[in-house]
Amino acid sequence: MIRNYLKIAWRNLFKNKAHTFINVTGLSVGMAVAILIGLWVWDELSYDKYFQNYDSLVRVMQHQTFNGERGTQGAIPLPLGTKLRDEYTGPSKDFKYVVMSTWTHGHILAFKDKKLNQNGNCIQPEAPQMFALKMLKGTRAGLKDESSILLSAKLAKALFGDADPMNQMVKVDNKSVVKVTGVYEDFPRNTSLNDMAFMLPWDFYLANNPWTKGNLNEWGSNSWQMFAQLNANADASRVSDHIKDLKLIALTTAHDKLNLSFKPSLFLHPMSKWHLYSEFKNGVIVGGNIEFVWMFGIIGTFVLLLACINFMNLSTARSEKRAKEVGIRKTLGSLRLQLISQFFSESLLVSTVAFAFSLILVQLALPSFNLMADKQMSIPLSSPEFWIIGLVFSILTGIVAGSYPAFYLSSFQPVKVLKGTFRAGRLASLPRKILVVLQFTVSATLIIGTVVVFRQVQYTKNRPVGYSREGMIQSYQQTQDIDKHFEALKYDLLRTGAVTSVAESGSPVTDIWANQQGFSWEGMPPGFQPNLSVVHVSPEFGKTVGWQVKEGRDFSKEFLTDSSALIVNEAAVKYMGLKTPVGMRIKWYRDFHIIGVVKDMVMTSPYEPVAPTVFSGMNGDYGLINMRLNPHMGTSEVISKIENVFKQYDPGSPFTYEFTDTAYAKKFADEERTGKLAGIFTALAIFISCMGLFGMASFMAEQRTKEIGVRKVLGASIANLWGLMSKEFVALVIVSLIIASPIAYYFMNKWILNYKYHTDVSWWIFALTAAGAVIITLLTVSYQSIKAAMANPVKSLRSE
């Protein structure tokens, strides 16, 4: 029986080739979108599951309160590590391992003549065991020696080629020599540690940064991160309760009133939430990448639903064509259940064929999709689970697509059908109209949403940044050699003519690396706890970045007192409540004075208000060099000359740099990626909907052939007939727009309000979407409408 069902289903597919083509193509595209999004969602949901101890790994973080607002950070003080290891780690205690770590940042690794700038961490020796590194060479005990290093497989290959890396000597930052004691498997892209190319011992960090000795008992200095593994019987929330007041108690004992006023509270953030639930507001998790998972999951479901609706509409629209078949089958004894099985077999066959084509489409699209989504995904063709899920997916798609046609077609009465009195009637088309409205409601909502996302990104890109980012590069100082000879370096750079200005800073102009407390001034409100961003800069910084001084003056070498001078931005003036800021005395860890006010510069998120920032003219270890390029020279020539100068002062380091406008553009990467993906899925949704419209228009033109012939004989013009055939579809699309507009406005207005600096959902977006939808509809149905209108009425009236 099943064989017979499939044979008849196969014959019906080839009998109606156009109908089959539209159904298979629509379902193939819909299923391909669903599979692509499914792979992306799975990649997100499986983030960090590469780690064997995924369920027990945590990051120690803290909440602090500044002027009534609860903030959350991953930076913690050094003595906390000692406290947790000494008192909370052991077989019968909360933690199995507790490890301190630096933040991932660049170091220069050199082997013979090869020098690479790579990101890595200095971390305590238990880390390899805690993260269960998959060692390709050596053991997880490789960080016990201060002069050792563990390399990722990719980095080991880059440094040593095919040679054995074990026990090879590598120079770090042109000063310290360490021995390779192990090579571990590269972390996958979908892990939080994917950019950690090597691990250095924690003792190496302490030995090369003697200033840290002053922080070993300093609970108020938050500059490091901490990872931990819980024991089998420990619960993250319960352990959080155990340790939450440890810092508060230590600060109380030390009588540190300033840091006590921030009311610190420690807690554990499980690895399962690092990626998907990383956003905090007032000390509470409010979301993260899980929002994108839900959004794209819903989009994928709806795009697949659109393809299923096409199948439903085209199958039921041809009901009169198959009415006699149903009547004869019922007369010969077929039960309704058997007819339902027959129609389901057709939909399942179509969905199976469509699934095969969808896999081909996904395979072709994956390289571009991975590039756009910043992923490394592939179809797991060798996985039995994938084929089981694929089979279930095909069956469910076939059932959803074939459910309405199966129950509708099998309900025909054989007496009416065989007597020739059966007519589908006007109400029979109502479900199809509802489905078309649903299709275009989804498509219109996606169009509006995509336009709003792109407009928000563009609006923020056009935000005044308060400095000139074009024609400027920034180079990170990997060693002390550059900083020690900065004045000579600057002189030689200017002499080449490649740059017009050079300055040092403690943060790049596109980011802020430090926030400080402990400021006070005359007239400061009682109980106010100022938390200000701080950037140390050399006197040439303002000229180099092109900031705009609104009051007072810029830093200058002519004033010896500028080592105790501050320049504040407009946001800081407002935040501090200063009426006459220039000349104001500021008490920090010593006495400072404000010499100028600059226009706000967008240095952090362009979607957020500018942070209150203090620029200090005090000499210090800056860490970064900013250079304004000569606009009259070619880029390659400029970079070549700059590199040659840097090589003179730091021959052991590769010259690395980044264009400031490129660094700024990276801030829009997530939103632009979201917009592009949404745009592609929206275009495919429109394509599927238009294919359905085309099929419906084709069937309607066929069904109304005689009517069109009669109208043409009676004098109807081609334009009249085109309007007659098109107006019904246009009316359905207009109804869809009326429904979609408030839905899209509600969700997109809610989305843009997540950004403090945002555009609005303007009326013209809806008008443009409406015009576009109507034009697309007319273009889709016009071919069939005009073709039917231009047909010879003699042939039309003769057809039956």
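Leucine 80 touches Val60, Trp219, Met226, Leu246 and Leu266, leaving aside residues up to four places away in sequence. Contact here means heavy atoms within 4.5 Å. This is a predicted model, where local features need pLDDT of at least 70, side-chain atom pairs count only at pLDDT 80 or more, and totals for chains, interfaces and linings use all residues. Residues are numbered from 1 along each chain as its sequence is written, and side-chain values use heavy atoms, with hydrogens and water left out.

**Nonpolar cores**

- Leu80 is among the residues with the most contacts inside the largest nonpolar core, which has 45 residues. Others in that group include Leu84, Phe95 and Ile243.
- A second, separate core has 43 residues, including Ile37, Val293, Phe355 and Leu366.
- A nonpolar core is a set of buried Ala, Val, Leu, Ile, Met, Phe, Trp, Tyr and Cys residues joined through side-chain atoms within 4.5 Å. Buried means under 20% relative accessible area, exposed over 50%, and partly exposed in between (1.4 Å probe, protein chains only).

**Aromatic pairs**

- The whole structure holds 37 aromatic pairs. Rings of Phe, Tyr and Trp (its six-membered ring) pair if their centres lie within 6.5 Å; planes under 30 degrees apart count as stacked, over 60 as edge-to-face and the rest as tilted.
- Phenylalanine 51 and phenylalanine 187 have ring centres 5.5 Å apart and planes at 50°, so this pair is tilted.
- Phenylalanine 51 lies in the loop between helix H2 (17–45) and strand E1 (57–66), and phenylalanine 187 in the loop between strand E9 (176–184) and strand E10 (198–201), so the pair ties together parts 136 residues apart in sequence. Helices (H or I, at least four residues) and strands (E, at least two) are DSSP runs, numbered from the N terminus.
- Phenylalanine 51 is buried at 2% relative accessibility, and phenylalanine 187 is buried at 9%.
- Tryptophan 521 and phenylalanine 528 pair edge-to-face, at 6.2 Å centre to centre and 75° between the planes. Tryptophan 521 is buried, at 8% relative accessibility.
- One aromatic cluster is formed by Tyr50, Phe51, Phe131, Tyr184, Phe187, Phe227 and Trp274.

**Charges over rings**

- Arginine 59 lies over the face of tryptophan 274, 4.3 Å from the ring centre.
- The charged end of arginine 463 sits over the ring of tyrosine 757, 4.1 Å from its centre.
- A charge sits over a ring if NZ of Lys or CZ of Arg is within 6 Å of the ring centre and within 35 degrees of the ring normal.
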